[in-house]
Amino acid sequence: MNSSGVLKSSSSELDLDRPNIEDYLPSGAAIQQEPRGKLRLHDLLDISPTLSEAAGAIVDDSFTRCFKSNPPEPWNWNIYLFPLWCFGVLLRYLIVFPTRVLVLTIGWIIFLSSFIPVHFLLKGHDRLRRSIERSLVEMICSFFVASWTGVVRYHGPRPSRRPKQVFVANHTSMIDFIVLEQMTAFAVIMQKHPGWVGLLQSTILESVGCIWFNRSEAKDREIVARKLREHVQGADNNPLLIFPEGTCVNNHYTVMFKKGAFELGCTVCPVAIKYNKIFVDAFWNSRKQSFTKHLLQLMTSWAVVCDVWYLEPQSLKPGETPIEFAERVRDIISTRAGLKKVPWDGYLKYSRPSPKHRERK
Amino acid sequence: MGSASSMLTQYDIEEVQEHCNHLFSQQEIVCLYERFCQLDRNAKGFISSDEFLSIPEFVMNPLSQRLLKMVDGLNFKDFVAFLSAFSTKAGTHQKVELIFKVYDSDRNGKVSFKDILEVLKDLSGSYMSDDQREEVLGQVLKEAGYSKDCYLTLDDFIKVLGHSGVKMDVEVPVD
């Protein structure tokens, strides 16, 4: 009997954009063969491993888990705790919240009254203007953080302004950017948003030097890659902050890092951010709430407590591909912040996996 | 159980448990309900194909389209009944029956040579040519005592797969 045993999975169609997902998932597609090379009908008909995997995915899958906001356990369930909770609510909404709004308003007044003059009057003195604008942006971010009673503990050496370096961090919400920006004025790469956020992006963030991208545009990646390279080459530009996950994840997991940040030929400085959920869940579930609602939710909570670790800069090791480099950095960040890694591309939140993925299985 | 309300009463749980022949514990049914509501985004009472296809792990499975046909549009009771074949408590007969149904895509109670070839194609895709598959299948069927034009029934499947037991279990994560 001829045993046509061409049944090993080949990695000949290695998609350079994505790492070998087969390494993570158990392969049920390989048809088992008896050691003597004799294939029985039982082996051919038995599709149970593949079916089990499919049913397993229906029952629970690691991708949906990344974006689940886990509501905290209600603690106000009995007659003693409930009035205490009510008192807390009144305190938060009637006293703390207005105070915070006041603080924020003052901050904006100071900011705008300094930023606008500086921006227009110092048009000729670029360097001076830039450094003042940087400090102002750092200041308004501090005001934002104060408006949520943010308690941020920074660990590790503060980012320094050096050429040929990028910073990468895990992403939970847009406030990640504000938390990091209050310490150092980074240039950041962001999705252009509509509404008042977009307005802020195009006016103030322009001054620190930001790069925009659009998830829905197909050719966008190449344009963005080029802009990134240009920015990093420029000596005067602010250090670049990139969130390689590409989307907000719920601060318990990390999804796959996009390799764009890791093939620029610079050192990569990982930054890990972990929010303390006891005070508030900082995960911005963009499918469920708008950014405004998210900010209001933060402003009516007790505090936003988080830890930020600035980790050791990493460079591409000889013989390492950018994808492996990205994985290594993701490992470092996940270990530091206590996050679990999942092998999924964050963009699957917005679109279906393409047919070529199914082929490879 | 018509529309998916966010509360599951004890009666509902017992009804579902009855329907799936007690193959899931009450805790597991509660967890499956949470999962069902998570997948059924607009609380229609059933999960549409689109919503199943938003699970990347499911889409990557070579048999996802076949399973999708069987599970699309089921209400919660039938959803649990479908998944009960994957319970550790389910018998080999029930598991083999599910496998048979996956092969028998036209639901005529018989699995033809062509049906088996198609499933094999889904699984081995680009690794084998159609001729290679036909040859292997024809040979293996002959050795098992079936000809190419023979139709396999459920009893045949049980005969071939049943004696060594089928390991097809999925654990429901109970938190």
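**Note on the two-chain predicted model**

1. Read along the sequence, chain B follows the pattern α-α-α-α-α-α-α-α-α-α, and its secondary structure comes to 10 helices and zero strands. Helices (H or I, at least four residues) and strands (E, at least two) are DSSP runs, numbered from the N terminus. Taken along the principal axes, the C-alpha atoms of chain B fill a box of roughly 55 × 30 × 30 Å.

2. This is a predicted model, in which local features need pLDDT of at least 70 and side-chain atom pairs count only at pLDDT 80 or more, while totals for chains, interfaces and linings use all residues. Residues are numbered from 1 along each chain as its sequence is written, chains are lettered from A and ligands numbered from 1 in the order in which they are written, and side-chain values use heavy atoms, with hydrogens and water left out.

3. Within chain B, the axes of helix α1 (residues 10-19) and helix α6 (residues 76-83) come within 9 Å and cross at roughly 40 degrees. Axes are lines fitted to C-alpha atoms, for helices over the stretch in contact, and angles run from 0 to 180 degrees between N-to-C directions. α1(B) is therefore oblique to α6(B); angles under 35 degrees count as roughly parallel, over 145 as roughly antiparallel, 65 to 115 as roughly perpendicular and the rest as oblique. The contact (heavy atoms within 4.5 Å) is made by B:E15, B:V16 and B:H19 of α1(B) with B:F76, B:K77, B:D78, B:V80 and B:A81 of α6(B). By class, these residues divide into four nonpolar, one polar and three charged, where Ala, Val, Leu, Ile, Met, Phe, Trp, Tyr, Cys and Pro count as nonpolar, Asp, Glu, Lys and Arg as charged, and the others, Gly among them, as polar.

4. Helix α8 (residues 113-124) and helix α9 (residues 130-144) of chain B pack at an angle of about 125 degrees, with their axes 10 Å apart; they are therefore oblique to each other. From α8(B), B:F113, B:I116, B:L117, B:L120, B:K121 and B:S124 meet B:D130, B:R133, B:E134, B:L137, B:G138 and B:L141 in α9(B). This contact has six nonpolar, two polar and four charged residues.

5. In chain A, an open sheet of seven strands has the order β1-β8-β7-β2-β5-β3-β4, with mixed pairing. Two strands pair if DSSP finds at least two bridges between them. Strands β1 (150-155) and β4 (211-213) of chain A stand at the edges, each with a single partner strand, so one side of each is left without a neighbour in the sheet. The twist from one strand to the next averages 25 degrees.

6. Strand β7 (residues 267-275) and strand β8 (residues 304-310) of chain A pair in the antiparallel sense over five bridges, and A:K274 has A:D307 in β8(A) as its bridge partner. Helix α10 (residues 322-337) of chain A lies across β2 (165-169), β7 and β8 of chain A and runs at about 35 degrees to β7(A).

7. The contact between the chains takes 55 residues from chain B and 48 residues from chain A. About 4800 Å² is buried between chain B and chain A, with carbon and sulfur atoms giving 68%; buried area is the accessible area (1.4 Å probe) that two parts lose on being put together, summed over both. In chain B, B:E57, B:M60 and B:Y127 lose the most area to chain A, together 17% of what that side buries.
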